[in-house]
Every structure is written in C-alpha cells, then in structure tokens.
Amino acid sequence: MFKNELDFTKYFFNKKFNCQMNLQLNEHNKKEYPPMHTAEHILNQTMVRMFGCPRSRNTHIERKKSKCDYYLDQAPTEDQVKEIEERVNKVINSNLQVTEDFVHIDEAEDLVDLSKLPEDVSQMLRIIRVGQYDVCACIGSHVENTSEIGEFYITTHTFDNGRWRVRFKLKEA
Ligand SMILES: [Zn+2]
C-alpha cells in the first residue's frame with residue numbers, strides 16, 4: 001500500500017493521526033530522562049504502525065525503567081514483542097535528528113490530533129519530530145539525536161482487560 005516509510009508517515013500525518021500533547025509531561029517534565037522519553041516517542045509510533053492502536057496515555061518514565069499502556073484486541077505474541085524491540089532499535093540506530101518546531105495551532109491541525117489538548121492551550125504548539133518517523137505535540141525533554149538513546153529492551157509485559165502494559169529499559173548508549 002505504501003511505497004516507503006515516508007509515504008506511510010505522510011499518510012498518517014494527513015489522517016491527523018492520534019498524536020496528542022501528553023498532559024502528564026506538565027508535572028513530570030523536570031524529572032524526565034530525555035533518552036527514555038525520546039524512546040517513548042519511538043515506541044508509541046511503532047505501536048501505532050504495528051497495531052493501529054492509540055499512543056500510550058498512561059506512561060511512567062523514569063531513568064532506570066519505564067512503562068506504557070496500549071489498548072489492543074489481544075496480547076502481542078512473543079514474536080511481535082521481539083519485533084517491537086527490533087523496530088524501535090532500528091530507528092534508534094538510524095541516528096535520526098530529533099527536532100522541534102513551533103507551529104500555530106491552526107496549522108498544527110493537519111499534523112497532529114488536537115482533540116486532547118486542554119482548553120487553555122497556548123496558540124503556538126511545540127512539535128517534536130524523530131526524523132521522519134514520528135511527529136507529536138510535546139513539551140517534554142528529548143535527546144538531539146537518537147544515537148544518544150542506547151539500546152531499547154522490553155523487560156516484562158502483561159495483558160489485562162484489553163490493556164497491554166509494557167515495561168522497558170535502556171542500555172546506556
Ligand atoms: Zn516528548
């Protein structure tokens with residue numbers, strides 16, 4: 001259906017694919033560990049592409065370990081879990097630049113889903129891109145290049161009532 005990754009990404013951007021401000025970042029912004037948080041962006045996009053699910057809205061990012069929740073019809077198989085790790089590491093190992101742009105909210109409509117933004121959101125949104133792989137409105141702290149993230153690996157995962165909770169760590173870059 002898609003000629004390449006870029007076409008695929010454009011397709012989703014054009015569909016205003018689910019990419020919302022992560023409200024939790026307001027509170028936890030200062031404590032965030034940029035490599036972990038940037039890995040979260042990549043994991044979210046990987047889950048969207050593999051399973052068509054929304055990005056995680058219940059995320060806990062810590063320096064040593066993090067977790068995200070995804071709502072899926074069934075638990076990913078062990079092969080799929082392996083594939084998630086491989087895809088995330090492939091993006092990390094592509095040494096992609098992580099860039100920020102400030103876009104007026106009216107122009108951001110075509111780029112990200114604005115439905116989850118708070119009422120009092122500012123008129124200018126900060127748009128974070130991981131190369132051409134992911135785009136998201138976000139106020140968190142990120143690395144400048146994915147080469148700073150290190151190796152991503154999943155430690156444990158559980159599936160309960162449609163919620164897949166995945167815990168992950170990074171091996172230092
Ligand atoms: Zn972010």
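Of the 173 residues in the chain, buried residues make up 31%, where a residue is buried if 20 or more other C-beta atoms, placed from the backbone, lie within 10 Å of its own, exposed if 12 or fewer, and partly exposed in between. What you have open is a predicted model, in which local features need pLDDT of at least 70 and side-chain atom pairs count only at pLDDT 80 or more, while totals for chains, interfaces and linings use all residues. To make selections, note that residues are numbered from 1 along each chain as its sequence is written.

Read from the N terminus on, the elements follow the order α-α-α-β-β-α-β-α-β-β-β-β. Among contacts between residues at least 6 apart in sequence, 70% join residues at least 24 apart, a contact being two residues whose C-beta atoms, placed from the backbone, lie within 7 Å.

Next, select residues 34–51, which form helix α3. Helix α3 has 18 residues and reaches 26 Å from its first C-alpha to its last, close to the 26 Å expected at 1.5 Å a residue, the expected span being 1.5 Å times one less than the number of residues. Because 13 of its 18 residues are buried, α3 is largely enclosed by the rest of the structure. Just after α3, look for G52, which takes a positive phi of about 65°.

Axes here are lines fitted to C-alpha atoms, for helices over the stretch in contact, with angles that run from 0 to 180 degrees between N-to-C directions. The two helices α3 and α4 are therefore oblique to each other, since angles under 35 degrees count as roughly parallel, over 145 as roughly antiparallel, 65 to 115 as roughly perpendicular and the rest as oblique. To see where they meet, show the side chains of A39, I42, L43, T46 and M50 in α3 together with I84, R87, V88, V91 and I92 in α4. By class, this contact of α3 with α4 has eight nonpolar, one polar and one charged residues, with Ala, Val, Leu, Ile, Met, Phe, Trp, Tyr, Cys and Pro counted as nonpolar, Asp, Glu, Lys and Arg as charged, and the others, Gly among them, as polar.

Stay in helix α4 and pick Q80, which is partly exposed, with 13 other C-beta atoms within 10 Å. Computed along the sequence Q80 and M50 are 30 residues apart, yet their C-alpha atoms are 8.8 Å apart in space.

Move on to the loop between α4 and β3 (98–104), where N95 is found. The phi of N95 is near 50°, a positive value in a residue other than glycine, and with 11 C-beta neighbours inside 10 Å this residue counts as exposed.

Then select D113, in the loop between α5 (105–108) and β4 (124–130). With 19 C-beta neighbours inside 10 Å, D113 counts as partly exposed. D113 and C136 are 23 residues apart in sequence and 8.7 Å apart in space, C-alpha to C-alpha.

Finish at N161, in the loop between β6 (151–160) and β7 (163–171). N161 has a phi near 55°, again positive in a residue other than glycine, and is exposed, with 5 other C-beta atoms within 10 Å.

Terms used. Helix = DSSP H or I, 4+ residues; strand = E, 2+ residues; numbered from the N terminus.
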